[in-house]
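Keep the sequence and the 3D view side by side.

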Amino acid sequence: MPAVRVKFWGTRGSLPIAFDAAALKDRLASALVAASGHDVGTIEKARAWLERGPGSALSQTFGGDSPCVQLEAGAAEYVLCDLGTGARVFANRVLQRHGATSPQVFHVFMSHLHWDHIMGFPFFTPAYLPGNRIVIYGCHRELEHAFRSQHAAPFFPIPFERLGARIEFVTLAPGRPYDIAGWSVTPRRQDHSGDSYGYRFERDRRSIVYSTDSEYKLDNAADTQAATAFFRDADLVIFDAMYSLADSVSVKEDWGHSSNVVGVELCQLARAKHLVLFHHEPANNDDKIASIWRETVRLEEITRHGAPLRVSAAYDGLEIEL
Amino acid sequence: MLISQKRYANVKVLTLSGRIDNGTSDSFKTGLGAHVAECRAGGDRLVLDFSGVDYISSVGLRALMLAARQSREQGGTIVMAALQPVVREIFEISRFTMVFDCFPTVREALAKISPSALAAYDARTPG
């Protein structure tokens, strides 16, 4: 069986963010204090200290690109979920690897068409290169319209018609499995403004659930059972944990996002193996996300009623092998 | 999920016991609802005694949020007391400690929200 890898190219929700000057200054100050007394007198030593030494935690950031996740299983064709700004970084890696003249095939599954999930496409270099084939799957009737509109004036200077790649749009029906690029893929409608769709991917007895931009309320048995069935025994669940539970049931109720608390509960009910917190709130800095991750690990420990559930917080550049 | 009640002056202390989860949340909501309806300006204040609760799920916390919203609209007061350590952590992680005042004991809750209820409590409670 080929290894299955999940690569996170963009993990931030709603809006891409930058690691700004104030955050950089804080980080440098912390690093200088932590490095005091250590031998970091050359760039090489400083790099080693940051990468492998006590400073390694200070050299990490969750990143700021909006959603784009790659599923890799040794096949030649690429599989992505969503085309947020993380897709630009992914595209750059693809070009570095293959060059501009080696045709590639990309299968992209869209959770929905809100801006943060499509805004990477105008900067998705493979779309401009003749010979490439890009198949965009989704359950929204407006799938093609949204992508074409984003390229139209006054939003972008290059019309969709001038893209060199062969671009196809395929509308899927939720609730039924499709065989695509070696995966069995089942979409499921989710609670989000204008609807969103989660995807369950299966191959070689491994399963991945991509469920972002979804507000799970778990306030009636039928909905909870349906969500649990979708998550059932998943090896990996990529889960929208944008808000705290208190926010998601009060001031941000019906904003279409979930919490870390509900993510743990659903995964425990479904006996999933690994929960990845995803679609991070843009207002949260690295310390805040790390704190939420630690709390979520703790929540899983104190509420565990079966096998342990591994909990991770997604960051731009994270790779998980199943 | 069991709810028993005691009155101290203008405060009702609701003592909860068991787990508040997907299986018991409906009875919890129903049981709590009748008391919340009377939690209003000039009416009862509520102390929820969590000493007998060893778990609360998101749906139970959602029910508490709805109760808080309703009582706030009515000008009422609801506070929490005697959370077990695990439940206290769940409140903290879900940020419900920012929604409700949580007191270590029922007595401390009464002391904060009603001097007359505290006096009644001390008069009835030995030691």
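**From one pair to two chains**

In strand β14 of chain A, A:Ile320 stands opposite A:Val6. This is a predicted model, in which local features need pLDDT of at least 70 and side-chain atom pairs count only at pLDDT 80 or more, while totals for chains, interfaces and linings use all residues. Residues are numbered from 1 along each chain as its sequence is written, and chains are lettered from A and ligands numbered from 1 in the order in which they are written.

Now look at the strands around that pair. β1(A) and β14(A) pair in the antiparallel sense, over three bridges. Two strands count as paired if DSSP finds at least two bridges between them. Strands themselves are DSSP runs of E with at least two residues; helices are runs of H or I with at least four, and both are numbered from the N terminus. Strands of a sheet pair through backbone hydrogen bonds, either parallel or antiparallel.

Step across to the next strand. β1(A) covers residues 5-10, and five bridges join it to β2(A) in an antiparallel run. Here A:Gly10 has A:Cys68 as its bridge partner in β2(A). β2(A) spans residues 68-72, and four of its five residues are buried. A residue is buried if 20 or more other C-beta atoms lie within 10 Å of its own, exposed if 12 or fewer, and partly exposed in between, with C-beta atoms placed from the backbone.

β3(A), residues 78-81, comes next. β2(A) and β3(A) are antiparallel too, with three bridges. A:Cys81 in β3(A) stands opposite A:Val69. Five residues lie between the two strands of this hairpin, and A:Gly74 there takes a positive phi near 80°.

What order do the seven strands of the open sheet follow? In chain A the order is β6-β5-β4-β3-β2-β1-β14, with mixed pairing. β6 (166-171) and β14 (319-321) of chain A stand at the edges with a single partner strand each, so one side of each is left without a neighbour in the sheet. On average, neighbouring strands of this sheet are turned by 20° against each other, direction ignored. Angles run from 0 to 180 degrees between N-to-C directions, using axes that are lines fitted to C-alpha atoms, for helices over the stretch in contact. Helix α3(A), residues 86-98, lies across β1, β2 and β3 of chain A, at about 120° to β1(A).

Zoom out to the whole of chain A. It has nine helices and 14 strands. The radius of gyration of chain A is 20 Å, close to the 20 Å that the globule rule gives for 322 residues, so the chain is as compact as a globular protein of that length. This radius is taken over C-alpha atoms, and the rule is 2.2 Å times the number of residues to the power 0.38. Of the 322 residues of chain A, 46% count as buried.

Finally, where do the chains meet? The contact takes 17 residues from chain B and 17 residues from chain A. Two residues are in contact if their C-beta atoms, placed from the backbone, lie within 7 Å. On the side of chain B that touches chain A, α2(B) gives the most, with five residues. That side divides into ten nonpolar, four polar and three charged residues. Nonpolar means Ala, Val, Leu, Ile, Met, Phe, Trp, Tyr, Cys and Pro; charged means Asp, Glu, Lys and Arg; the others, Gly among them, are polar.
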